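Colleague: I would like to learn how to read packing in a model like this one. Can we go through it feature by feature?

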Amino acid sequence: MEIKQGYVYHIKESYFEFVNDEKLMKNHEGNLTRPNYFCLQMNDDKVMWFIPMSSKIEKYKTIIENKISKYKKCDTIVIGNYRGREHAFLIQNMFPITSKYIDHIDTVNGQALQVPSETRRMITEKVKKIFRLKENGINLIFPDIDRIRKILLEDLVE
């Protein structure tokens with residue numbers, strides 16, 4: 001399967017079992033589906049970065065407001081458009097993944113939809129900033145992305 005940046009995907013359960021990170025978002029209550037994930041390719045051709053999405057807009061708008069009042073900004077959550085509705089893109093919960101663990105692309109009536117360009121731009125800018133902060137010793141990402149990336153790369157060699 002060709003994985004395209006800027007589209008939305010679903011992940012195989014085996015990924016979460018394999019990486020075993022308690023900080024990854026859990027299944028939705030009441031069913032076995034995980035949230036949708038926005039795909040972003042950075043400067044690494046071996047892994048992609050997936051950013052969980054949530055439709056709980058009011059919850060995340062409140063979190064954003066609280067962060068802005070405390071820190072004067074919020075770089076870890078973006079409210080953007082997908083399928084004509086607002087979604088929260090949770091950069092703070094992003095993680096690396098390889099194509100082996102991607103189940104399928106998200107579709108509407110059989111058609112894959114790309115996240116609109118303005119939303120993609122906002123997300124990409126904030127992700128780059130978060131990575132720069134991480135390089136300078138400030139980690140704002142909940143999952144252990146260094147450990148996850150390492151075991152994914154080892155998995156590719158096997």
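Colleague: Start with one residue. Which residues does I91 touch, not counting residues up to four places away in sequence?

Modeller: Bear in mind that this is a predicted model. I91 touches I51, D75, T76, V78, I123, K126, V127, I130 and I141. I91 itself lies in the loop between strand 5 and strand 6.

Colleague: Is I91 buried or exposed?

Modeller: Buried means under 20% relative accessible area. I91 has 0% relative accessibility, so I91 counts as buried. Look also at W49, which is 42 residues from I91 along the chain. The C-alpha atoms of the two are separated by 9.9 Å.

Colleague: Where does Q92 lie, and what does Q92 touch?

Modeller: Q92 lies in the loop between strand 5 and strand 6 (95–97). Leaving out residues up to four places away in sequence, its contacts are Y60, K67, T76, I77, L140, I141, F142 and P143. Q92 counts as buried because its relative accessibility is 6%.

Colleague: Now helices. How do I read which way the residues of a helix point?

Modeller: An α-helix has 3.6 residues a turn, so residues three or four places apart point the same way. Take helix 3, residues 117–135. Its buried residues are T119, I123, T124, V127, I130 and F131. They lie on the same side of helix 3, because they cover an arc of only 130° around the axis.

Colleague: What covers the buried residues of helix 3?

Modeller: The cover includes strand 2 (37–40), strand 3 (48–54), strand 4 (77–82), strand 5 (85–90) and helix 4 (145–157).

Colleague: How far does helix 3 reach from its first C-alpha to its last?

Modeller: Helix 3 has 19 residues and reaches 27 Å, close to the 27 Å expected at 1.5 Å a residue. Just after helix 3, G137 takes a positive phi of about 90°.

Colleague: And pockets? How do I read those?

Modeller: Rolling a probe the size of a water molecule over the atoms shows where empty space is left. Here, about 300 Å³ of space lies in the second largest pocket.

Colleague: Which residues line the second largest pocket?

Modeller: M42, N43, D44, W49, K128, F131, R132, K134, E135, I145, D146 and R149 line it. By class, the lining has 4 nonpolar, 1 polar and 7 charged residues.

Colleague: Which helix gives the most to the lining of the second largest pocket?

Modeller: Helix 3 does, with 5 residues. Helix 3 and helix 4 each supply at least two residues of that lining.

Terms used. Residues numbered from 1 in each chain as written. Predicted model: local features only at pLDDT ≥ 70, side-chain atom pairs only at ≥ 80, totals over all residues. Heavy atoms only, no water. Helix = DSSP H or I, 4+ residues; strand = E, 2+ residues; numbered from the N terminus. Expected span 1.5 Å × (residues − 1). Buried < 20%, exposed > 50% of the residue type's maximum accessible area, 1.4 Å probe, protein only. Arc of directions from axis to C-beta. Contact = heavy atoms within 4.5 Å. 1 Å grid on protein atoms, 1.4 Å probe; cavity = no way out; pocket = protein on both sides within 12 Å on 5 of 7 lines; lining within 4 Å. Points joined across faces, edges and corners; volume = space filled by probe spheres on them. Nonpolar A, V, L, I, M, F, W, Y, C, P; charged D, E, K, R; others polar.
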